[in-house]
Amino acid sequence: MTLPMERHVLVVFPHPDDEAFGVSGTIATYIKQGVPVTYACLTLGEMGRNLGNPPFATRETLPHVRKEELLASVKAMGVTDLRMMGLRDKTIEFEDDEKMIEMMENLIKDTNPSLIITFYPNYAVHPDHDATARAVIRAVRRMSVENRPTIYALAFANNSIEFLGEPDVVHNIEGSKEEKMGSLRAHISQTSWMLEEMEKRLADGEPEDENWLHFERFYTYDFNKDFE
Amino acid sequence: MELVNVEQLQKHLNEFANEDIYIHLETTNGSYASHFDEKVFNAGAFIRNVMLRYELGKVAGEAPHRIGLKLPHGWVYAQGITHFELDEHGRLIMAGHDYSGKLAVALQISKTPFTY
């Protein structure tokens with residue numbers, strides 16, 4: 001699938017691996033179409049709980065592991081502009097709200113995106129996801145209407161479809177399946193259990209229900225139905 | 001990280017006693033706990049780089065172990081500690097890893113502040 005061309009795509013997520021599940025196929029597709037993509041990753045997932053048993057990392061070494069994984073994921077997708085924003089996992093909602101908005105404003109000023117991809121506030125489960133999305137939406141809301149980039153928002157809370165309806169943007173990313181698998185494999189400390197399960201299901205002859213390897217779904221953020 | 005060796009860990013705890021030390025203590029059932037199972041009550045606590053001094057540190061119980069630090073005016077304890085190491089920076093890292101390899105509790109002691 002060819003995606004509509006964009007001037008620049010800015011992807012904003014709090015954790016290394018947030019991009020892998022829901023967006024890496026879209027990112028890779030844009031890159032192949034020659035659209036510049038910037039990925040701003042707010043933390044290094046310092047508080048990840050998958051440390052193994054026997055352990056492969058400690059609370060103190062995990063950020064180093066995950067930084068390497070993030071670099072490998074970015075390489076797999078073809079992204080050359082990665083910004084690591086230096087915040088700490090699980091603390092974003094406690095940062096000063098204005099400081100967070102400024103961070104997003106600076107990213108927007110710097111990259112002049114026609115499209116921003118982030119989470120959907122209040123429908124993204126993890127407090128860091130919601131806090132990141134709030135900051136992005138607030139920063140864009142302050143722009144004049146004609147200058148606002150489009151926002152594609154990811155929602156995966158259990159009540160998303162009940163309250164938001166079906167996502168209006170569906171990307172068939174089959175053509176970037178390899179890149180997506182590459183991104184998922186890069187984050188192996190976080191995804192190994194999931195990849196194992198998937199391979200087992202496929203080996204058991206189950207049909208390819210790995211929907212998310214074929215489709216990525218987003219809500220176009222609508223300021224007429226603003227979250228606040 | 002190695003499985004807790006009570007004698008060795010006790011020795012390390014003794015070495016940090018009566019010194020100004022930085023503490024990292026966390027316990028969590030994960031940010032996704034009630035997303036995957038609505039019956040789970042999601043709770044956790046986290047402190048990092050709080051400086052304190054303990055007069056007595058003790059490893060108690062069979063594995064998974066309990067670690068208690070007695071302070072002049074209070075206590076710190078962690079339950080469910082399975083692994084430990086004295087890392088390359090001389091920090092005492094203790095953690096409880098559950099059966100699926102997820103961190104459930106961590107207690108860390110250092111003479112210098114942990115990174116951010």
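The model is predicted.

**The sheet of chain A**

Start with the strands of chain A. Seven of them form an open sheet, in the order S3-S2-S1-S4-S5-S7-S6. The pairing in this sheet is mixed. Now go to the edges: select residues 81-84 for strand S3(A) and 169-172 for strand S6(A). Each edge strand has a single partner, so one side of each is left without a neighbour in the sheet. On average, neighbouring strands are turned by 25 degrees against each other, direction ignored.

Select residues 37-41 of chain A, strand S2. How many of the residues of S2(A) are buried? Four of its five are, and the strand is mostly covered.

S1(A) and S2(A) run parallel and are joined by five bridges. For one pair, pick Leu10(A): its bridge partner in S2(A) is Thr38(A).

Next, show S3(A) beside S2(A). Their pairing is also parallel, over four bridges. Here Cys41(A) has Met84(A) in S3(A) as its bridge partner.

Now bring in helix H3, residues 62-77 of chain A. With S2(A) and S3(A), helix H3(A) makes a β-α-β unit. The unit is right-handed.

Move on to residues 127-141 of chain A, helix H5. Helix H5(A) lies across S1, S4 and S5 of chain A. Select residues 115-119 to see S4(A); the helix runs at about 150 degrees to this strand.

**The antiparallel pair in chain A**

Select residues 150-154 and 215-220 of chain A. These are S5(A) and S7(A), paired in the antiparallel sense over two bridges. Zoom in on Tyr152(A). Its bridge partner in S7(A) is Thr220(A).

**The hairpin in chain B**

Switch to chain B and select residues 65-71, strand S5, and 74-81, strand S6. Do these strands pair in the parallel or the antiparallel sense? Antiparallel, over seven bridges. Follow the chain from S5(B) to S6(B): a hairpin joins them through two residues. Finish at Gly68(B), which stands opposite Tyr77(B) in S6(B).

Conventions:
Residues numbered from 1 in each chain as written. Chains lettered and ligands numbered in written order. Predicted model: local features only at pLDDT ≥ 70, side-chain atom pairs only at ≥ 80, totals over all residues. Pairing = 2+ DSSP bridges. Axes fitted to C-alpha atoms, helices over the stretch in contact; angles between N-to-C directions. Contact = placed C-beta atoms within 7 Å. Buried ≥ 20, exposed ≤ 12 C-beta atoms within 10 Å, placed from the backbone. Right-handed = clockwise from strand over helix to strand, strands pointing away.
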